[in-house]
Each structure stands twice: as structure tokens, then as C-alpha cells.
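Subject: A structure for you to look at

Hi there,

Here is the structure I promised to pass on, with my notes below it. Please open it alongside this email and follow along.

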Amino acid sequence: GPYHIAGHSFGGKIAFEIANQLLQQGDAPGVLALLDSAAPHYVSTDKEKINQWTQAQWIVHTAAIVEQLCGMPAHITCDDLDPLDDHQQLQVFNRYLQRVGWIPDATDTSYLVGQINILKANSQTEYSPQHKLASHITYFRATHPMPGVDTEIHASANPAAEWQYHSEKPIDFIAVPGNHLTMLSKPHVAVLAQHIHKLIVK
């Protein structure tokens, strides 16, 4: 060590648990950076509804995320997908991802099933830390909402304060440019990287 750990979105919970387990083993983590991550005890009022989504709804949701990252509209709606069977729905999504260069042309639709299942698993996971963290946390919050995409993190008014419930030490809060996704892309990621670098070399 020291072990510097960062986690974005759902990964923030994983980063927090890694830091907690290191402490339980006598290894103090270095920097622990949580990037726009909802606190474990925070439960969105929409979680139960999301867990009942159809495949078409998951495709539209995922396509909206890709739109945010690549800047190319998908023009995919539930009204378009609902008349189609599951395989045909995936083919529509597959063609869009290939068109924007997100996946290779030869990618099979089974890959998309795996990616959608990961999103489903993340939305259904409930995490309850066994210990309050006796280590310093820096929380990075994206300053812009994500149009057309509801995220658990932006359903919360003050996620850093909610993480404080699980920490024995005060949490540092840093606002960074971008939304939940674009904070990790150019040009915004450069600002985030500068902040994390300063924490590491401090």
C-alpha cells in the first residue's frame, strides 16, 4: 500500500467495500474516491418499477446512455420495439450500436443480452456495509443532469451527506463538470484527473 481506490456509479459501492475490507485486514487505503455514486442506504422510489421493466424499456434506457456518450441519437422508442419479438428488438439495438461504432459489425446480439443483464443486476443489488469506514472519502459529484436518463444518483439531493452515514470521518465534496457519464469523457475527465492526482500526491 497505500491502495488508491476509485469507483464510479455502482462501482462506488464496490470501492467502498474494498476499502472497508482493507481496513479490517489492517491495511489503510490511500485515496478513496467515489464518483457520482449513490450511497448504499439510499433507495430510489423508482427501483421497484425499474425492476419490472421489459426488454424494450431496458434497450431504450441503454440506448439513451450511449447517446449521451457518443452524441448520436438512437431514435429508438418503446413504441418502435414493442411490436417486435425479443430477438428483433436486439437486432434494432445492435444495428444502432454498430452504426455509431460502439461495437464491431460482427457482434452477435447475445453480447447485448449480457450487457443488459449487467445493468439489471446493478439495479437489483442491495448493499449494506457491515462497518462504518474509518478512512477518508472524497466524493466527486457531476454538476449536470443527464437529459432523458434517470439515474439513482440524481434522484438524491445530497449523496455525499448520505455517504456520511457510513463514514466515521468527514467527507470531502468536489463538484466536477459533466454529467453522470460525460464526467469520465473528454474534456471533462481532465478536470477529474487533476483533482485525483492532487489527492494522490498530497
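Arg 141 and Asp 36 form a salt bridge (a side-chain nitrogen of Lys or Arg within 4 Å of a carboxyl oxygen of Asp or Glu), with 3.6 Å between the closest N and O atoms. Arg 141 belongs to strand β3 (residues 137-142) and Asp 36 to the loop between β2 (32-35) and α2 (47-50), so the pair ties together parts that are 105 residues apart in sequence. Helices here are DSSP runs of H or I with at least four residues, strands are runs of E with at least two, and both are numbered from the N terminus. Arg 141 is buried at 12% relative accessibility, and Asp 36 is buried at 0%. "Buried" means under 20% relative accessible area, "exposed" over 50%, and "partly exposed" in between (1.4 Å probe, protein chains only). A search of the whole structure finds one salt bridge.

A word on the source: this is a predicted model, where local features need pLDDT of at least 70 and side-chain atom pairs count only at pLDDT 80 or more, while totals for chains, interfaces and linings use all residues. Residues are numbered from 1 along each chain as its sequence is written, and side-chain values use heavy atoms, leaving out hydrogens and water.

Next, the aromatic pairs: there are three in the structure. Rings of Phe, Tyr and Trp (its six-membered ring) pair if their centres lie within 6.5 Å; planes under 30 degrees apart are stacked, over 60 edge-to-face, and the rest tilted. One of the pairs is Phe 16 with Trp 163, tilted, at 5.1 Å centre to centre and 45 degrees between the planes. Phe 16 sits in helix α1 (residues 10-24) and Trp 163 in helix α7 (residues 159-164), so this pair ties together parts 147 residues apart in sequence. Both of these residues, Phe 16 and Trp 163, are buried. Another pair, Trp 53 and Trp 58, is edge-to-face, at 4.9 Å and 70 degrees. Trp 53 is partly exposed at 23% relative accessibility, whereas Trp 58 is buried at 3%.

Happy exploring!
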